[in-house]
Amino acid sequence: MNTAMIRSFAAAVLAFQLGLAWGHARGNEVRPEERTAAAAAAAAAAAAADSYRRAYDLVLDEKWAEAVKAFEGYAAKYPRNKDAAAARFWLCYSMERAVTAPEKAFQCYRDFVQSYPRSSWADDARSQMVRLSHDLARSGHPEYEAIVRSMQIGDNDEVTLAALYALQDMGDKEALASIISLYDRTRSTSLRAKILYVLAEFESPEATAKLAQIVIKDPDPGVRSKAVSALGDAGTAEARAALTTIIKSSTDLEVRRNALYALGGCGEEGVVAVLSEVARTDKEAKLAQAAAQAIADVDSHEAFEALMAILRDAPSVDTRKAALYAISDRDPREALPVLRDVAMKETNQDLRRAALYAIADVGDDAAVQALVDIFNSTSDPKIQEVALYAVADHGGKGVRDMLVNTAISHPDPRLAKVAVYALVDALDENDAPILLSVQQKSKHPEVRKAALSAMMDLGDPVSGVKALAEVIKSEKDPETRIWAVYALGESESDAAVAVLLEVAVKDPFVRVRTAATQALGEIGTPKAKDALRQIVEGGDERPEEK
């Protein structure tokens, strides 16, 4: 392509703003940003799920003030997550249980109903509002009952609920008999569900027995599930016995699963043996997994030993993984040796990877050293790759030095390139010179290209442009210069325009100049368009064509 054709090509880019597809020039190479985006999405989903689980664990532990803070943080960080409505409900529930003004809890439920009117939790929130309005009215605030009446809850349900709570306040056997009778004769699924909340307030064997009967016999699965939760909230010896019977005898898998979680939420050591048996022997993998997760709610040495046995003996990988995650949530001094042993010796690849990420979540220096030791001791490239990303999540100078050394010196180019991608997560935005060092010292072409592309992924375009300009200035290989030009174009930053214009005008190789013109079109800003005009309108003096 001669000088005139270069100018013509620049004019075409300017006129049509083509921003030619990089895939044609770069082949099928997977861009690091594509990989990074996928990894980031997966990490964000996992982080949201973990945040919700940790907050809900505080509800099960009845640590109400901590639960309020945890769910407030979740609601602020993940307002559009699939669990957002559930998190908002449990925030209100925790606020109600905490030692705070009931008016705040009422307003929280009211805001919830307005924000999530069709949520599966909306009826529960309305029921709590009715109960709170009743309590507030008795304490001299009748306006709250007026607020409830103004909402579209339904007059019959409202009157019935008020009567139910009034009967419960009597606290005698006649009240309980009346409530049980009302449950038995009503056909309303909604009312039966609301009756459960009143039954749960009675600390009596008769109420517990009725809840257990509802779990088995109510025709609606939602009511059965809420009855299980009510038994868990009761937390009495009779309730635990009823939950154990349900777990061992019910044919409804969802009811059994909910009963496992409710039993674990009771927090008593006596429940561990029941949960452990299900986790190790039940043929339903989902139930076994739920049992292992439920044991995580019991803070005792017996629970830890049970989780170790499940990790060792459970037939399902998912159940063993649930036990592993539960162990990782315990004291790091207790958990880290177990996780390290799994990561180094386990034959199942999924479990080994899970152990590596669990070690990374521990986050202290001992955990980082364990990850480095695992990387150095294994010859499995997949495990080494996971270890590199896990180490990068921790950050720090020691981690950066380890990743840089791997990127430069590791004999496996694929693994060295992974170290470059992991290094991006461990660097600050002005650390492009570190990637420049990798680009200059690595013997593997694919690693050098990866380092070039990563320079603009750090968040500081000025630092990245400066490093790439140094490559273009000092590099003799035209292919490497072309890759540096591609990286500048992908930045879509005005900071790259001056460098690209100089390359488009002065580089001795026509392919490099063409790539720079393409890159300006890819940036597409007014400054980039001005640069393209300069190419189009420039003189005929050009370097000798190569």
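Buried, in these legends, means under 20% relative accessible area. Everything shown comes from a predicted model.

**View 1. Helix H23 and its buried residues.** Here's helix H23, which covers residues 381-394. Which residues of H23 are buried? They are Ile383, Gln384, Glu385, Val386, Ala387, Leu388, Tyr389, Ala390, Val391 and Ala392. That makes 10 of the 14 residues, so H23 is largely enclosed by the rest of the structure.

**View 2. H23 from end to end.** After H23 comes Gly395, and its phi is positive, near 75°.

**View 3. The second largest pocket.** Now we move to a pocket holding about 200 Å³ of space. What lines the second largest pocket? You'll find Ala469, Ile472, Lys473, Arg481, Val499, Glu502, Val503, Lys506, Asp507 and Pro508 there. Sort this lining by type and you get five nonpolar residues, five charged ones and no polar ones.

View 4. Two helices to look for here are H28 (461-474) and H30 (497-506), and each supplies at least two residues of the lining of the second largest pocket. Which helix gives the most to that lining? It's H30, with four residues.

How values were computed:
Residues are numbered from 1 along each chain as its sequence is written. This is a predicted model: local features need pLDDT of at least 70, side-chain atom pairs count only at pLDDT 80 or more; totals for chains, interfaces and linings use all residues. Side-chain values use heavy atoms; hydrogens and water are left out. On a 1 Å grid over the protein atoms alone, a cavity is a set of points where a 1.4 Å probe fits but cannot get out, and a pocket is an open set with protein on both sides within 12 Å along at least five of seven lines; lining residues have an atom within 4 Å of a point. Grid points are joined across faces, edges and corners, and a volume is the space filled by probe spheres set on the points. Ala, Val, Leu, Ile, Met, Phe, Trp, Tyr, Cys and Pro count as nonpolar, Asp, Glu, Lys and Arg as charged, and the others, Gly among them, as polar. The expected span of a helix is 1.5 Å times one less than its number of residues. Buried means under 20% relative accessible area, exposed over 50%, partly exposed in between (1.4 Å probe, protein chains only).
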